[in-house]
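Let's take a friendly walk through a protein model, one feature at a time. Please keep the sequence and the 3D view open as you read.

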Amino acid sequence: MISTLTKKGAPATLEALDIGAVDFLPKPQLNHNGSLQGYRLDVIEKVRGAASANIHCLERRVLTQLDSTTLNTAAENTSFNRNCIIAIGASTGGTEAIKEVLVEMPASTPPILLTQHIPPAFSKTYAERLNQLCSIDVVEAEDGMKLEQGCAYLAPGDYHIKLIKKSSFYYVQVDQSDLVNRHRPSVDVMFDSVLNAANTFAVGVLLTGMGKDGASGLLRMKEAGCKTIVQDRESSVIWGMPGAAYEMGAAVDKLPLDEIHSKALNYCIKR
């Protein structure tokens, strides 16, 4: 989807993704050559990604309508370790994949950090949409926010999201430091910060997406003793990011999308 609607009507774009669009781009605002050259590369990359997308996965998603009134509450009364953090990264196909993971999370879930490659005009609307569908609270992250149980924090478009620890509490940091893997927000930046702040209490999850962002960070998490999960090829729209992580040996688990929430929560149970 390439349209002015992707800038002025973010809800329309998110609805398009919900019913089967692979990816989207807003029309460029500037006409000078440098801007259009970069935009040209973005269009080429996304068209090539769409050409290799798992269309059967999208078809199954459209046919299987999610009923937000029948959320999984099996873990509602489970006690989770207060030090646990779940970090989820995604790109192409990720807006819907993240939704399918979060709608199954109980209100008692540990704090969740989210990095989805998304333009600035979309991140707030996307967070609000998720918040309406989920039992947990979903917000666009703001610098200095204290992390709370039962809440997910989405990286704002064009900002990295990082986890920091002060005393015994976790906080969000958002900044516009350099692009990593051509992205801001970058999944690798989030994973590295989560490892630094939470150590082995962190659970890393890498979902569908084009490229390799997050793969190296997930490997560093696994090597440090964290639990790491990648989405499998069959349920991914694009098995780029999770596939790269799997091939590097960064995954403790490779799972279909509908099993990821329960595995991530299981790793956070107080024992």
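This is a predicted model: local features need pLDDT of at least 70, side-chain atom pairs count only at pLDDT 80 or more; totals for chains, interfaces and linings use all residues.

As a general idea, side chains of opposite charge can pair when their charged atoms come close.

How many salt bridges does a search of the whole structure find? The search finds 11. Another one of them joins the side chains of K46 and D23, at 3.1 Å from N to O. K46 is in helix 3 (residues 33-51), while D23 is in the loop between helix 2 (10-18) and strand 2 (25-26), and the two are 23 residues apart. K46 is partly exposed, with a relative accessible area of 24%, whereas D23, at 14% relative accessibility, counts as buried. In a further salt bridge, the closest N and O atoms of K162 and D175 are 2.8 Å apart. Here K162 lies in strand 7 (residues 160-166) and D175 in strand 8 (residues 169-175), 13 residues apart. K162 is partly exposed at 21% relative accessible area; D175 has 16% and counts as buried. The cut-off explains these labels: a residue is called buried because its relative accessible area is under 20%.

Seven of them form an open sheet with parallel pairing, in the order 5-6-4-3-9-10-11. At the edges are strand 5 (137-140) and strand 11 (253-255), each pairing on one side only. Neighbouring strands in this sheet are turned against each other by 20° on average, direction ignored. In general, strands of a sheet pair through backbone hydrogen bonds, either parallel or antiparallel.

Is strand 3 largely enclosed or open? Strand 3 is largely enclosed by the rest of the structure, because 6 of its 6 residues are buried. I85, A87 and G89 point one way from the strand, I86, I88 and A90 point the other way, and all are buried. Strand 3 runs parallel to strand 4, joined by 5 bridges, and pairs with strand 9 in the parallel sense, again over 5 bridges. You can follow this through I88: its bridge partner in strand 4 is L114, and in strand 9 it is V205. V205 in turn stands opposite I229 in strand 10. Strand 9 (residues 202-206) and strand 10 (residues 227-231) run parallel and are joined by 4 bridges.

## Helices across the strands

Helix 6 (residues 120-133) lies across strand 4 (112-116), strand 5 and strand 6 (151-154), and runs at about 175° to strand 5. Helix 8 (residues 215-223) lies across strand 9 and strand 10, at about 150° to strand 9.

## A closer look at helix 7

Helix 7 (residues 187-198) has 12 residues and reaches 16 Å from its first C-alpha to its last, close to the 16 Å expected. This helix is mostly covered, with 10 of its 12 residues buried; among them are V189, F191, V194 and L195. Helix 7 is followed by N199.

Most residues other than glycine have a negative phi, and most peptide bonds are trans. Which residues are joined by a cis peptide bond? They are R184 and P185, with omega about 10°. P185 is found in the loop between strand 8 and helix 7.

N199 is not a glycine, yet its phi is positive, about 55°. This residue is in the loop between helix 7 and strand 9, and is partly exposed, with a relative accessible area of 41%. S167 also has a positive phi, near 55°. S167 lies in the loop between strand 7 and strand 8 and is exposed, with a relative accessible area of 73%.

Technical notes
Residues are numbered from 1 along each chain as its sequence is written. Side-chain values use heavy atoms; hydrogens and water are left out. Two strands pair if DSSP finds at least two bridges between them. Axes are lines fitted to C-alpha atoms, for helices over the stretch in contact, and angles run from 0 to 180 degrees between N-to-C directions. Contact means heavy atoms within 4.5 Å. A salt bridge is a side-chain nitrogen of Lys or Arg within 4 Å of a carboxyl oxygen of Asp or Glu. Buried means under 20% relative accessible area, exposed over 50%, partly exposed in between (1.4 Å probe, protein chains only). The expected span of a helix is 1.5 Å times one less than its number of residues.
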